[in-house]
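I went through contacts, rings and charged pairs in turn.

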Amino acid sequence: MHVQVLDTDVLVIGGGAAGARCAIHAAGSAKVILLDKSLFGYSGSSGMHPGWNMSASISALDSPERHFQDTMKSSCGLANPKLVRILAEEATGAVLECERHGAIFRRDPSIVLHQPGGHSVPRAMGPAFMWMESNEARRMGVKVLEETMATKLLVSDGKVTGATAIDLRDGGFKAIKAKSIVLATGGGEQIFGWGTVAARSPCPIELTGDGYAMGYEAGAELVDMEFNQSLLGLMYPPQFIGATNISTGLKDGFIDSDGKYWLKDTPIPKITRAMMIKEILQKIEEGKGSPHGGILFDSKVILPTVEKEMFTRVAFHEIWKKVGCGEILEVYPNFMYFMGGIKIDERCETNVKGLFACGEAAGGIHGANRLGTNSFTDCLVFGSRAGTYAARSEGGEMDWDQVEEEKDRIKGIMEGEGEFRPYQIRQKLQRCIWENGSFRRNEVKLRRTLREIRKIGKEAELMHPASTTRIFNYELVEAIECYNMLMTAEMVVRAALLRRESRGSHQREDYPLTDDNWATNILIWKGKRGMVFKKGVRMDE
Amino acid sequence: MDEVKAKIFRYDPSQDREPRYEAYSIPWRDRTTLLEVLRYVYEHYEPIAFRYGCRSMLCGRCGVELNGKPVLACMTFVEPGDIEVEPLRGFPIIRDLVIDRTKAELRSFEGSPQLLRAKPPEEEPEKLPSQAVSRCMDLLKCRTCYLCQAACPMVEAAQDNTVGPAIMSRNIALRAYDPRDEGDRLTEAIDEGLWYCSNCANCKEVCPREIDIPAIVIEDLRAMAVERGLTNPAHKRFASSIKENHNPYREAHEDRLRWADGLNVSNEAETMFFVGCTSAYRRQEIAKSTVKILREADVEFGIPKDERCCGSPILRAGYRDLAKEMVEHGAQALKEAGAKRVICSCAGCYKTLKLEWPKLVGELPFEVIHMSQYLVDLVRNGKIALREVKGKVTYHDPCHLGRHCGVYDEPREVLKSIPGIEFVEMNPNRENSLCCGAGGGVEAALPDTAIKTAISALEKVRETRAKLLVSTYPFCKTNFLDAIAESGEKLEVCDLTELIVKSMRS
């Protein structure tokens, strides 16, 4: 296998909103290469999110202080106040920059603001478009490598020196020298369950925790990995998993197995997203769920909102036309966001010199629960910061032995023999996490999941792609993703085991109450003998 | 158990000399999606290459062709039985169903889809008129899936002369409507092929977000261009002819009814025949056939005394003020003639009267019917006797009658009711039928492109082995005849009314 060598100042891994914004800001003063595992402008969660997708305190009723308070409150006290302060203060500038890049938000004639749950004032605006950010990055001279997947970060003397990558289109292996690297790889939602074509998540298939795994391997610390946010979505028929979500406004449609619309009389302000999920899981536990383990949902309640919500919910109208309004469908929570991620400072730098992280790949901004629409803002604010600071990094010397070693690993996966195809390992892992590591966690279930993860990790050694083609061999990508997902899953499950309380999105059956002694974060890093977990860490220190 | 039998396009340039098709069986259940079919093949047979991501029509990455129609695999349901899956046409192929979008993306990028303005606004956020913004919102529904690009007949026929519907819409029109943009987007639109659209509406047909590209992109941009004086010379010629002579063909208005000399047609009746310029001046055989049929069926009918252009060509070309004059006159004339129903044998007139006149002059006091629909009634009620005509016949759905107005069944029913006719469908047909390339002012402005498009549509006729091609739009007939003259294809073309007359006589 031939190694193609590239040289750059800043290497951005990930082509969503955070990666694009980072590349734009770095490109003003540095040479930038951006890797996207799929198509730049259309990949990741940012690639599928018009609608009300960003929050900033632009209203006269609002202030950065208020945005800060709302975000801290929603995080159940776990977010890093220094980062949240930056988020609140830089949101307006970062969001309006989208308009300078070409986005145009709904006007009447001032920007129309929407108030998602948890915000004390209307603060959400949109739509912003990923492809406008990706075009701006191209205009700034960023070299974009599409369908190219980073496989490993190279570190010498505690400093990143570059990364290796494979080109999906021609199977080529690349070593990219870089003075700094930014992980903008998004979350790891794909570890949660499997439907018929993807995980039980509305997020796209590429969110496999690549940044968490690569950052961890490179020595970076991670935080809050036990906090995984969910929202309700269709679960049956299975082809609609992740296709659309069910907002609290549709609560009237839920039916228990006695035929009772039991949430009909509860007024909307009393129902938050988390409460609705709790209510529904409770019903299912009581044995009043639907035939496939969810809850019945009368989609007739969609009808009056289809036209009205056309732009607030992405593709709402068209999807419901396909799904068929008026039918009784089954609903269950899906996973849609990782609050946790790589620990960063105010410059978005990690504890590894020259390694930065931003967007969903980074942790510490949302604590135990994220406020709706804060995510895109997070990507824009911290993406810009990561780009600005990454451009100032000094380089180190790349260790070629590491490149050779990684090349051998990839070659091993390609040429390896064994009984499992990558998709089989992947789905085994996904099903195991879904069954015992997703909702209503407890000690027994989590321990079982952990044992299962280790077993699947062993089986992964017997994993190999069925095809040897070099052209668009997606199985090779799936295989590498499997390792990343295994690592991400272990972090999630072990952190969840450690946190013996319920807080935000992390709900334990055996510890149902929030414990004030647990108002601290769990830190994870790679020790000499595997993963190290440290509890009782405070982010504001 | 029900099964889907999928024939899938396979091509690995590193291993295969040429593309091939492989067949796979996949278990079917209610609303199986095409993406599930592909994933099933990937897991249970062999790792075919295809792209996808969000599974909810948002990321636009899973575009493929299902039985020749561009679709998003994620939310397209398949029925049990045979299906064929191919990559989107018009793009280089990376492997199997994965296309290379780079060229389209870079072309889009070169045209600067970004906002062009010299300096940022003094105050941010700036106030903007909500109407202009919501016009942009309609275009921002686009998910850049490029299905329209694959569906557009002009992308293939005109090659690099047009950027195609996706980029024309998402980049150029978006910025042309953006109140903040300072770029000369209309000149850009023209340079990038604004005149190449034949108004076939196939883009709209395949768009997962149901964006009406022909209307809110092409016609709106053309109207803006006309307002700015950036006219196409050929369009300007026919527009000025319509202004002076009330027809696009530079013919004298007083000759309009010359074809009906000696026919003693009344000018007032409850049933009015709206002849249309093409039948009046260029395809008089269709006008005459229509009259013969109506006479044979003893229909009391009239032809407007002072009929003028229905407005179709000038609406397509963006001359909205002039069109409004024509429409006002036309509606008034038909009203004065006492019309309760108006029959058009021209699909272009039919679409314009039916869909666009009410928008310009309000609700019409009469019903608008296409001749093929009227023929169904005449045949069903035994008003005309059809005798045997032998031959293998296929039918071309004119875009204006089919995709624009949804009339597909009536012409087929009429054709099938003629004894002796062996009717064969072209593939693709109905909603997906190929445009002849003449509409939207293309025939006038870019005759070579129109003929080239018709020649590729004729390939589909050849595949049916039909000897006769029937249409219901005089303009399609003309263009097909021109294409046959050019290509030497051995094929007859006629209008549905002509075939009916033949059948009445034999």
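**Entry 1: the contact between the chains.** Before looking at charged pairs I wrote down the cut-off I would need: a salt bridge is a side-chain nitrogen of Lys or Arg within 4 Å of a carboxyl oxygen of Asp or Glu. I also noted that I am working with a predicted model. I then looked up Glu206(A) and Arg61(B), whose side chains meet in a salt bridge with N and O 2.8 Å apart, which is a pair within the 4 Å cut-off. Between chain B and chain A I find 6 salt bridges in the count, and the count of residue pairs in polar contact, both at pLDDT 80 or more, is 36.

I next asked which elements of chain B give two or more residues to the side that touches chain A. They are helix H1 (34-44), strand E6 (93-95), helix H2 (102-110), helix H3 (130-139) and helix H6 (165-177) of chain B. H1(B) gives the largest share of that side, with 5 residues. By residue class, the side of chain B that touches chain A divides into 28 nonpolar, 25 charged and 12 polar residues.

For the extent of the contact, I recorded 76 residues from chain A and 65 residues from chain B. The area buried between the two chains is about 6,000 Å², and carbon and sulfur atoms give 56% of that area. Of the area that chain B buries against chain A, Arg31(B), Arg55(B) and Gln114(B) supply 12%, more than any other three residues.

**Entry 2: aromatic rings.** How many aromatic pairs does the structure hold over all chains? I find 19 of them. The pair I examined in chain A is Trp434(A) with Phe439(A), which is edge-to-face because the planes stand at 90°, with the ring centres 5.7 Å apart. Both Trp434(A) and Phe439(A) are buried.

In chain B I looked up Tyr24(B) and Tyr45(B), an edge-to-face pair with 5.1 Å from centre to centre and 65° between the planes. This pair links distant parts of the chain, since Tyr24(B) sits in strand E2 (residues 20-27) of chain B and Tyr45(B) in the loop between H1 and strand E3 (63-66) of chain B, 21 residues apart. Are both of these tyrosines buried, or what is the state of each? Tyr24(B) counts as buried because its relative accessibility is 4%, whereas Tyr45(B), at 40%, counts as partly exposed.

**Entry 3: a serine in a loop.** I looked up Ser75(A), which is placed in the loop between helix H2 (64-74) and helix H3 (81-100) of chain A. Ser75(A) counts as buried because its relative accessibility is 0%. A polar atom of the Ser75(A) side chain lies 3.1 Å from the backbone nitrogen of Ala79(A). Setting aside neighbours within four places in sequence, I find Ser75(A) in contact with His366(A), Gly367(A), Ala368(A) and Asn369(A).

Entry 4: My search of the whole structure gave 90 salt bridges over all chains, and I followed several of them.

Glu205(B) forms a salt bridge with Lys69(B), with 3.2 Å between the closest N and O atoms. Glu205(B) is in helix H8 (residues 202-206) and Lys69(B) in strand E4 (residues 69-72) of chain B, so this pair ties together parts 136 residues apart in sequence. Glu205(B) counts as partly exposed at 25% relative accessibility, and Lys69(B) is also partly exposed, at 22%.

Arg316(B) forms a salt bridge with Glu219(B), where the closest N and O atoms are 3.0 Å apart. Here helix H13 (residues 312-317) holds Arg316(B) and helix H9 (residues 213-227) holds Glu219(B), so the pair ties together parts of chain B that are 97 residues apart in sequence. I noted that both Arg316(B) and Glu219(B) are buried.

Arg462(B) forms a salt bridge with Glu489(B), the closest N and O atoms being 3.0 Å apart. Arg462(B) is partly exposed, with a relative accessible area of 49%, while Glu489(B) counts as buried at 16%.

Last, I traced salt bridges that share partners, and these join Lys37(A), Asp210(A), Arg426(A), Glu478(A), Glu481(A), Arg39(B) and Glu43(B) into one network.

Definitions and conventions
Residues are numbered from 1 along each chain as its sequence is written. Chains are lettered from A and ligands numbered from 1 in the order in which they are written. This is a predicted model: local features need pLDDT of at least 70, side-chain atom pairs count only at pLDDT 80 or more; totals for chains, interfaces and linings use all residues. Side-chain values use heavy atoms; hydrogens and water are left out. Contact means heavy atoms within 4.5 Å. Buried area is the accessible area (1.4 Å probe) that two parts lose on being put together, summed over both. A polar contact is a pair of N or O atoms within 3.5 Å; within protein, one must be able to donate a hydrogen and the other to accept it, and residues adjacent in sequence count only if both atoms are side-chain atoms. Helices (H or I, at least four residues) and strands (E, at least two) are DSSP runs, numbered from the N terminus. Ala, Val, Leu, Ile, Met, Phe, Trp, Tyr, Cys and Pro count as nonpolar, Asp, Glu, Lys and Arg as charged, and the others, Gly among them, as polar. Rings of Phe, Tyr and Trp (its six-membered ring) pair if their centres lie within 6.5 Å; planes under 30 degrees apart count as stacked, over 60 as edge-to-face and the rest as tilted. Buried means under 20% relative accessible area, exposed over 50%, partly exposed in between (1.4 Å probe, protein chains only).
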